[in-house]
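Me: Could you take a close look at the charged pairs in this model for me? I am new to this, so please go one step at a time.

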Amino acid sequence: WEKISVRSHSKDELYQMEQTFNEMIDHLRESFNKQEQFVSDASHELKTPIAIVKSYAQLLERRGLERPEIFQESIGAIETEADRMQKLVEQLLFLAKSKNESVLTEVNIVKLCLDVVTVFNGAYNRSIRVNRKEQEEILVKANKDQLKQVVYSLIDNACKYSEAEIIVTISVVDKNVAIAIQDFGPGISKEEQAKIFDRFYRVDKARNRDNGGTGLGLSIAKSIVEAHKGKLTVSSNIAEGSTFTVILPIVIDH
Ligand code: ADP
């Protein structure tokens, strides 16, 4: 026993150890609770599309053959819900493995934004203005695909929640680049602004179901930006519109 009883500790040392131990336990408990909440939210979100698919399948079985309009409606709804589940599962998988180390390269933020905007201006016929030209270069160290997803999600939201023009402004401030995505949509109240970055949070659940929202886009965007030592913020006024700003450190010497 003498051999394994290492050495005696002073009262202060024991108190310190107890403190550290308690902090560790609190931290573990908190992350366990968060994990549990996440799994329960995720299953809840998946239950709704599954229930809808089931009820339309039953409707098809009962009336689909004799009523072509019921057939059409049911097939359409099943497809929409399957798309939603697909998106949700992809986002959940992304969140589950986002702790993986990612490959960082030098990425030109101007080109990345212009590429994303081209997709929206072309395929979705939107009017999005960017204050930069293709030849300009502002470099950041980043995982290009993840960063593209951030810009894509923010522009996608601006398009979903507003009809009018969208303005993308890229500016260099000190050692950072700021990418501001501004829309002139309904805006978000101060109270909601504090919650929209939470997983699965949607301001208007019913309306967002119609436009395919999952409530995960902003929380994923925020976690990507923070993993790049950056910040994602929102400033918005009801009935005036919203501006989401991504701030990232730039590559100074290369
Ligand atoms: P969703 O998939 O529902 O769009 P997000 O995480 O991307 O989920 O956004 C969370 C919520 O924040 C949305 O449901 C919406 O209510 C609100 N929101 C996000 N972007 C905008 C915007 N540009 N204008 C108004 N509301 C927005």
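Reply: Let's begin with Glu-136, which has a relative accessibility of 27%. Buried would require under 20% and exposed over 50%, so a value in between makes a residue partly exposed; that is why Glu-136 counts as partly exposed. Keep in mind that this is a predicted model. The partner of Glu-136 is Arg-132: the two form a salt bridge, and their closest N and O atoms are 2.9 Å apart.

Another of them joins Glu-226 to Lys-222, with 3.6 Å between the closest N and O atoms. Both residues sit in helix α7, which covers residues 217-227, and they are four residues apart, about one turn of the helix. An α-helix has 3.6 residues a turn, so residues three or four places apart point the same way. As for accessibility, Glu-226 is partly exposed at 44%, and Lys-222 is partly exposed too, at 24%.

Now look at Arg-202 and Glu-45. They form a salt bridge whose closest N and O atoms are 2.4 Å apart. This pair links distant parts of the chain: Arg-202 is in the loop between α5 (190-193) and α6 (205-210), while Glu-45 belongs to helix α1 (residues 11-64), and 157 residues separate them. Here both partners, Arg-202 and Glu-45, are buried.

Note on methods
Residues numbered from 1 in each chain as written. Predicted model: local features only at pLDDT ≥ 70, side-chain atom pairs only at ≥ 80, totals over all residues. Heavy atoms only, no water. Salt bridge = Lys/Arg side-chain N within 4 Å of Asp/Glu carboxyl O. Helix = DSSP H or I, 4+ residues; strand = E, 2+ residues; numbered from the N terminus. Buried < 20%, exposed > 50% of the residue type's maximum accessible area, 1.4 Å probe, protein only.
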